[in-house]
Amino acid sequence: MAKKSGSTMFKCSSCGYTQPRWLGRCPECGEWNSLEEIIIDKFASGGKNGNNGVEIIKPVNLLSVTAKEGVRISTGIQEFDRVLGGGAVKASAVLLGGEPGIGKSTLLLQTIAGFKSNIENNRNVLYVSGEESAEQIKERAERIGTDCNGIKLLCSSRLEDSLDAMELLKPALIIIDSIQTIYSAEAGIIPGTVNQLKYCANEFISWVKERDTVLIMTAHVTKDGNIAGPKALEHMVDTVISFERNNDDIRFLHALKNRFGSVDEIGIFNMTEKGLRCVKDPTSLFITKRNGPQPAGVASTTVFEGTRVFMVEIQALTIPAKASISRVYSEKIDSGRVARVAAVLEKRCGICFSDQDIYVNVAGGIKISESSIDAALAMALYSARTDLAINAETCIFGEVSLAGEVRPVTKAKQRIKAANSLGFTNVICPKEENCEGIQVKDIKTMIKTVFAK
């Protein structure tokens, strides 16, 4: 007679044999003290002798737990390693999101090439493709020069096919391209539904958590740039990485969530015919080089992304509002921040923005959210509103308070050094000790200093 769900049995940890009572020795394999109590679960997969069961998990003393530092494996791509926090951690799951055609599959094929040289025992890499054919993947691998030796390719959307291949190969790296195309009959037959995503992702993640395997899943994004599907998918993985681009061939890689590292780092790539190439020195990548004078509405500033400093150019434009309703158009800088800085200028400096439409852009297409850009944004807005150009050799940074004060920011010395190395001789910054720039205390003083002539 079958036991009810919720009752207990005893299972051998060596061979999997189950029986209703505890014994000192397993009748099947002969091991001593190997029988462990399990709970019967009608939803668990059938075990030996037709008994379904899962091990009873008991609480442990936190003091007795030994913390282990995650072992990292280099992907062979410096910028990818930087975003991951130094490399991919064993027994971890990574979710990579990006719009169609941005280069996710190219990045993963290049990752395989670097990953293979850093894994021990010549373990295989499993590439599961639910979107492209084997011929398409082989053509891309040959174009970017990927060594195909040791790469096992599975072109199937069935979850069960992937799990069988994983059990057979025991790979060191598993790539699922993409998770939205994988389905299981247990959760229905339509891929991409909420139940399918959560069920299939949970099966993959549970498998790699028990082994020294790295899992990378690609995901589609919505028209707003967010990863499609439920937020639960992002909560299930260890690292969520967004792959973005500007209008040119520049690609940006940054972490939205990272259990094993910082989310402040950014990876920058240049897309070429031979694949993605790391941009090793991006300091001046986002600065526009001009032969003539600098136009009004342009201000240069410094931003920190993780451990690196970049020079960026903020561009502003103001025009009379249509129908007396002013709007702020800004994609790369939060529109709320633009409105706040404009309100501070209007209140503290007496220059009107309430009847103007404001357009703000960042050259190079990089999104910035650091508070140190407030001062440069304020000067760009003032320059656009008054049609007075800022000196091309001037760099501005600092946080602007609602009271019109220019507040200090972190790593001022590194910012000044980076600006000077690129030819910015006039660095205007907040008042701070041991700072070599031109120091100002409030927004009015900064305007007088920037537009002295």
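Student: What does Arg308 form a salt bridge with?
Tutor: Glu79. This is a predicted model, and in it the closest N and O atoms of the pair are 3.1 Å apart.

Student: Is Arg308 buried or exposed?
Tutor: Buried, with a relative accessible area of 11%.

Student: And Glu79, buried or exposed?
Tutor: Glu79 counts as buried too, because its relative accessibility is 1%. The cut-off for buried is under 20%.

Student: How many salt bridges does the structure hold?
Tutor: The structure holds 18.

Student: Give me another. What is the partner of Lys138?
Tutor: Glu142. Their closest N and O atoms are 3.5 Å apart.

Student: Why are Lys138 and Glu142 separated by about one helical turn?
Tutor: Because they are four residues apart in helix 3, which covers residues 134–144.

Student: How do they stand on accessibility: which label does Lys138 get, buried, partly exposed or exposed?
Tutor: Lys138 is partly exposed, at 40% relative accessible area. Glu142 is exposed, at 55%. The line between those two labels is drawn at 50%.

Student: What about Arg259? Which residue does it form a salt bridge with?
Tutor: With Asp238. The closest N and O atoms are 2.9 Å apart there. That pair also links distant parts of the chain, 21 residues apart. Arg259 is in the loop between strand 13 (250–258) and strand 14 (266–272). Asp238 is in the loop between helix 6 (231–236) and strand 12 (239–245).

Student: Which residues are linked in a network of salt bridges?
Tutor: Glu167, Lys170, Glu210 and Arg211.

Student: Back to Asp238. Which residues is Asn258 in contact with, leaving aside its neighbours within four places in sequence?
Tutor: Asp238 is one of them.

Student: Where is Asn258 placed?
Tutor: In strand 13. Asn258 is buried, with a relative accessible area of 12%.

Student: How far apart are the C-alpha atoms of Asn258 and Gly85?
Tutor: They are separated by 8.1 Å. Along the chain, the two residues are 173 apart.

Student: New topic, the surface. Which residues gather in a patch of positive charge?
Tutor: Lys347, Arg348, Lys444 and Lys448.

Student: Which helices each supply at least two residues of the positive patch?
Tutor: Helix 7 (335–349) and helix 10 (443–450). Arg348 is found in helix 7. At 35% relative accessibility, Arg348 is partly exposed.

Student: And which residues make the nonpolar surface patch?
Tutor: Val60, Leu62 and Val65. The patch is about 340 Å². Val60 lies in the loop between strand 4 (54–55) and strand 5 (72–73). Val60 is exposed, with 64% relative accessible area.

Student: Where is Trp22?
Tutor: In the loop between strand 2 (18–19) and strand 3 (35–39). Trp22 counts as partly exposed, at 47% relative accessibility.

Student: What is Trp22 in contact with, leaving aside neighbours within four places in sequence?
Tutor: Phe10, Asn33 and Leu35. Then there is Cys12, 10 residues from Trp22 along the chain. The C-alpha atoms of that pair are separated by 9.8 Å.

Student: Now backbone. What is phi of Asn33?
Tutor: Near 55°, a positive value in a residue other than glycine. Asn33 is in the loop between strand 2 and strand 3. Asn33 is exposed, at 61% relative accessible area.

Student: What about the phi of Lys411?
Tutor: It is positive, about 55°, although Lys411 is not a glycine. Lys411 sits in the loop between strand 22 (406–407) and helix 9 (412–421). Lys411 counts as partly exposed, at 37% relative accessibility.

Student: Last one. Is the peptide bond from Asp177 to Ser178 cis or trans?
Tutor: Cis, with omega near 5°. Ser178 is found in the loop between strand 10 (173–177) and helix 5 (194–209).

Conventions
Residues are numbered from 1 along each chain as its sequence is written. This is a predicted model: local features need pLDDT of at least 70, side-chain atom pairs count only at pLDDT 80 or more; totals for chains, interfaces and linings use all residues. Side-chain values use heavy atoms; hydrogens and water are left out. Patches are made of residues with over 30% relative accessible area and no salt bridge: like charges are joined within 9 Å, nonpolar side chains (Val, Leu, Ile, Met, Phe, Trp, Tyr) within 5 Å. Accessible areas come from the Shrake-Rupley method with a 1.4 Å probe; for residues, only the protein chains shown count as cover. A salt bridge is a side-chain nitrogen of Lys or Arg within 4 Å of a carboxyl oxygen of Asp or Glu. Lys and Arg count as positive and Asp and Glu as negative; His and the chain ends are not counted. The place of a charge is taken as NZ of Lys, CZ of Arg, CG of Asp or CD of Glu. Buried means under 20% relative accessible area, exposed over 50%, partly exposed in between (1.4 Å probe, protein chains only). Contact means heavy atoms within 4.5 Å.
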